[in-house]
Amino acid sequence: YFGIPDLTVVQHRVIAMFVFAALMWLTEALPSWVTSMVVVVVMLLTVSTSAFNFLKGDELGTFVAYADIMHCFANPTIMLFIGGFVLAIGMTKTKLDVALARVLLKPFGTKSEIVLLGFLLVTAIFSAFVSNTATAAMMLAFLAPILATFPEGDKGKIALALSIPVSANIGGIGTTIGTPPNGTAVSNLETYFGTSISFGEWAIHMIPFVIIMILVAWVVLQIMFPFSTKKLEVNIPKNDKPTTWRTYLVWVTFAVTILLWATESLTGISSNIVALIPLAVFVCTGTFDKEDIKQIDWSVLWLVAGGFALGYAMLDISKGGTGLGATLVNAIPFGDMSIILVFVVAGLVCYLLSNFISNSATAALLIPILCAVSSGLSANPAFANFGGEKAMICFVATCASLAMLMPISTPPNAIAFSTGLIKTKDMLKVGLVIGAFGLVFAFFWLTKIFPFAA
C-alpha cells in the first residue's frame, strides 16, 4: 500500500502513528505534548503485546513489549532533563541566576558593542543549563531599563533586543540538557546504534561551536543594526533577601552537579544518574516542596517521551522493535545515495519544519527516521568519512536549534517580539543570515572539523 515491499500489518500501524504525529505537530490541532501522549496510548493498544486481542496474531508481524513502550516515560534522557529543570528552578528560587548574571555581565563594561557581546555570551551560558524560554524572559527583564534609555532612531536597541532570542536559541546547543532535540539525538543514538555520547563529550564538541556562532551573531547584529549610542550602563539590582543556608546549598549542588557531569569519564557515574542528585538533595533538605516539583515542565517531558516511543517501534526485531527501520532500509537504496545530499536534505527539512513547529516535535519526528537512514548509509564506506551516524543525528538536532526566522519559531523569539522593538522583517533577516551560516558551519564542524569519535 505504501509502495514498500514486505511491510507487516504492525509496521503499517507504526507508519500510521508517524503520519498522525506529523499532521498534529504541523497543524497544532492538538498541543504537542497531547499528541505524544495519544501516540503512546494508541501504540500500546495496537502495536504492543498488550494490544486488543482482535488486533493481534502471529501473521500480523512482531509486536513490541508493552513495558518497553511505557519505559519511554522513564528513559534516562528524561531523567537528565528533570535534573536540568530542577537546577533551573532552584537557581530561580534562590536568585542564583540574578547573582550570576550580575557577575558575568560586569566585565563587559559600558561600551555599547561590548555590552552587546556580554548579553549574547551570558544568555548563551544560561541557555545551556536553563530553559531558553526562562532565560530569554530573565535577560530581557534586565535589558528593558537599558532599552528605555535609547534615543529615537538608534538601531542599536534592535541589536540588543534580538541578541536575547538569538543567543538563547544558539546557547542550548552547547549541552545535552540545553534543548530537547539534543537529548532526543543522544537517546536515539543509544537505543538504535548502542553508541553513547556523555554530557562532557557533547559539551567539549559543541561549546566551541556555540562560541563561534555567538561571535558570528555579534558581528551580524552590529552590521545590520549599528549603535549610535556609545555608552550603556548595565545595572542589575541586588537581591534584598537575606542569604540562607538553603541558598548556599543550591549553589554547592549546582557546582557539584556540573562537575560530575563534566567528569563522567573519570567518575564512571552516568550523567543521567547525576541529574537526579539535585532532586534528592533539594527534597530531602526541604529546599523543594510539592509546589516546586509542579514547576517542572512536564509537557516537554511527555512530548520527548512520545518521540522516544516512535523511535523504539522502528528498532530491529532483535532489539525489541517491529523491524520497520530495517524494512525501510532494505526497500530504499540509501547506501547508493550521495552522502552530502542526504545531509543537506535532512538538515534543510529539519530547519524548515522547526521554524513552524516546536523544535522538540521536529526532532522527535525526524530523528528516528534518520536513524534508519543512517543505518542504510552505513553500507557506503564514505559515510564513515563524514562522521557516520553520530554526525548525521547530531547535525539534525543542531539544525532544529538554528531555526529562528519568525516570532512563532521559538518561545524566545515570541518573547522578544512582544517588546514591540523588533519587526518581523528584522527577525527574518537576522535569522536567515545566522541560520544559513549555522547550517553550513554545523555540517563541516560535525563531519570534518571536530567530529564525534566513532
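A salt bridge is a side-chain nitrogen of Lys or Arg within 4 Å of a carboxyl oxygen of Asp or Glu. Welcome to this structure, which is a predicted model.

- Asp292 and Lys93 join their side chains in a salt bridge, at 2.6 Å from N to O.
- This pair ties together distant parts of the chain, with Asp292 in helix α15 (residues 290-294) and Lys93 in helix α4 (residues 76-93), 199 residues apart.
- Asp292 is buried, at 6% relative accessible area, while Lys93 is partly exposed, at 42%.
- Glu113 and Lys230 also meet through their side chains in a salt bridge, at 3.9 Å from N to O.
- Here Glu113 sits in helix α6 (residues 112-127) and Lys230 in the loop between α10 (199-224) and α11 (245-262), 117 residues apart.
- Glu113 is buried, with a relative accessible area of 14%, whereas Lys230 is exposed, at 53%.

- Glu291 pairs with Lys294 in a salt bridge whose closest N and O atoms are 3.2 Å apart.
- Both residues belong to helix α15, three residues apart, or about one turn of the helix.
- Glu291 is partly exposed, at 42% relative accessibility, and Lys294 is exposed, at 56%.

Definitions and conventions: Residues are numbered from 1 along each chain as its sequence is written. This is a predicted model: local features need pLDDT of at least 70, side-chain atom pairs count only at pLDDT 80 or more; totals for chains, interfaces and linings use all residues. Side-chain values use heavy atoms; hydrogens and water are left out. Helices (H or I, at least four residues) and strands (E, at least two) are DSSP runs, numbered from the N terminus. Buried means under 20% relative accessible area, exposed over 50%, partly exposed in between (1.4 Å probe, protein chains only).
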